[in-house]
Structures are given as structure tokens and as C-alpha cells.
Amino acid sequence: MSAGTEQRVYSLDGYHVIKLNDSIFYAFWLDYFNSLIIHNYFFPSTRYDFLGFKAINGKLFAVVKQVFITATEATDLQHVKKFLAFNHFAHKRNNDYYNEDLGIISEDLHDENVLSNNGVLFFIDTVFYLTKDFYSNS
């Protein structure tokens with residue numbers, strides 16, 4: 001279906017997609033898995049199901065399955081900003097947010113990574129990072 005810097009997306013059955021991610025945005029695989037867990041916590045309707053790993057041309061990819069969401073209208077980024085503010089994520093710059101209480105950064109939440117279906121926002125491609133504050137808050 002598509003490919004970006006970090007992952008390739010394939011249609012599975014009309015209801016799900018398969019994503020292959022090489023964790024290029026993360027220093028360690030653990031950071032990638034933390035991002036998946038955080039995504040699943042905040043956005044269970046578009047949760048990632050980890051299926052395993054696949055090596056392609058000597059490069060390792062995580063393989064995940066996710067529900068396929070069809071956008072019915074353009075995503076209003078002001079709605080995204082309000083939704084995230086309600087959940088204590090402050091807008092920092094561009095499409096990046098920070099939750100100071102939790103010590104979590106979320107980046108790249110533009111209108112191709114957050115879809116709108118009948119007025120409901122669906123976060124389909126998130127990138128989360130834990131800061132040192134995350135560990136001091138626990």
C-alpha cells in the first residue's frame with residue numbers, strides 16, 4: 001500500500017494491514033517496543049499486534065498487524081491538538097507533543113498518521129519516546 005522512511009505497509013484482508021518496521025527512528029529495539037506499548041495503551045482501537053520479525057536483504061524488520069482505517073474526511077489538526085491537550089499532551093512544534101506528567105514525547109502526528117472517520121480520530125502511525133522524566137515519575 002505504501003512505504004515511508006521507517007516502515008512498509010501491506011493490505012492483508014480488507015480489514016487489517018501488515019506493517020514492517022525497521023526501527024530506524026529508535027536507538028534500540030526496546031525503544032520501538034515501548035512505543036508500541038504506549039500506542040496500544042492510548043489508542044486501543046488501532047492497537048498493534050506484534051507478529052514477529054522478518055529479515056529482508058540482510059535488514060531486520062518487526063512485523064505488526066493493525067486494523068485498516070478509511071478516512072471519511074480530512075483530519076483537522078486543531079481537533080488532534082485539542083484531543084491531545086485533553087490527554088495532557090502539550091503541543092511543542094509542528095506535529096510533536098509532550099506529556100510532562102508522564103515524560104512521554106509523541107512525534108509526527110500529521111494528517112496522514114491521524115485519520116478522521118465520521119468525526120472520530122484514529123491514530124494509525126505514532127512515534128513515542130520515553131524521556132528521563134518517565135523513569136523519575138514512576
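Strand E9 (residues 114-117) runs antiparallel to strand E10 (residues 120-123), and four bridges pair them. Strands here are DSSP runs of at least two residues labelled E, helices are runs of at least four labelled H or I, and both are numbered from the N terminus; two strands pair if DSSP finds at least two bridges between them. Val-114 has Phe-123 as its bridge partner in E10. The two strands make a hairpin with two residues between them, and Asn-118 in that turn has a positive phi of about 50°.

This is a predicted model, where local features need pLDDT of at least 70 and side-chain atom pairs pLDDT 80 or more, while totals for chains, interfaces and linings use all residues. Numbering starts from 1 along each chain as its sequence is written, and side-chain values use heavy atoms, with hydrogens and water left out.

Thr-75 sits in the loop between strand E5 (59-67) and helix H2 (77-86). Is Thr-75 buried or exposed? With a relative accessible area of 13%, Thr-75 is buried, because buried means under 20%, exposed means over 50% and partly exposed is in between (1.4 Å probe, protein chains only).

A polar atom of the Thr-75 side chain lies 2.7 Å from the backbone oxygen of Val-114. Setting aside neighbours within four places in sequence, Thr-75 is in contact (heavy atoms within 4.5 Å) with Val-80, Asp-111, Val-114, Leu-115, Ser-116 and Leu-121.

## His-91 and its surroundings

Over in strand E6 (residues 90-93) we find His-91, partly exposed at a relative accessible area of 33%. Its side chain reaches the backbone oxygen of Asn-94 at 2.7 Å. Not counting residues up to four places away in sequence, His-91 touches Lys-81, Asp-96 and Tyr-97. The C-alpha atoms of His-91 and Lys-81 are 6.8 Å apart, with the two residues 10 apart along the chain.

His-88 belongs to the loop between H2 and E6 and is exposed, at 53% relative accessible area. Its phi is near 70°, a positive value in a residue other than glycine.

Asn-94 lies in the loop between E6 and strand E7 (96-99). Phi of Asn-94 is also positive, near 45°, and Asn-94 counts as exposed at 58% relative accessibility.

## Phe-50

Phe-50 has its place in strand E4 (residues 49-56). At 40% relative accessibility, Phe-50 counts as partly exposed.

Definitions and conventions: Polar contact = N/O pair within 3.5 Å; in protein donor to acceptor, adjacent residues only side chain to side chain.
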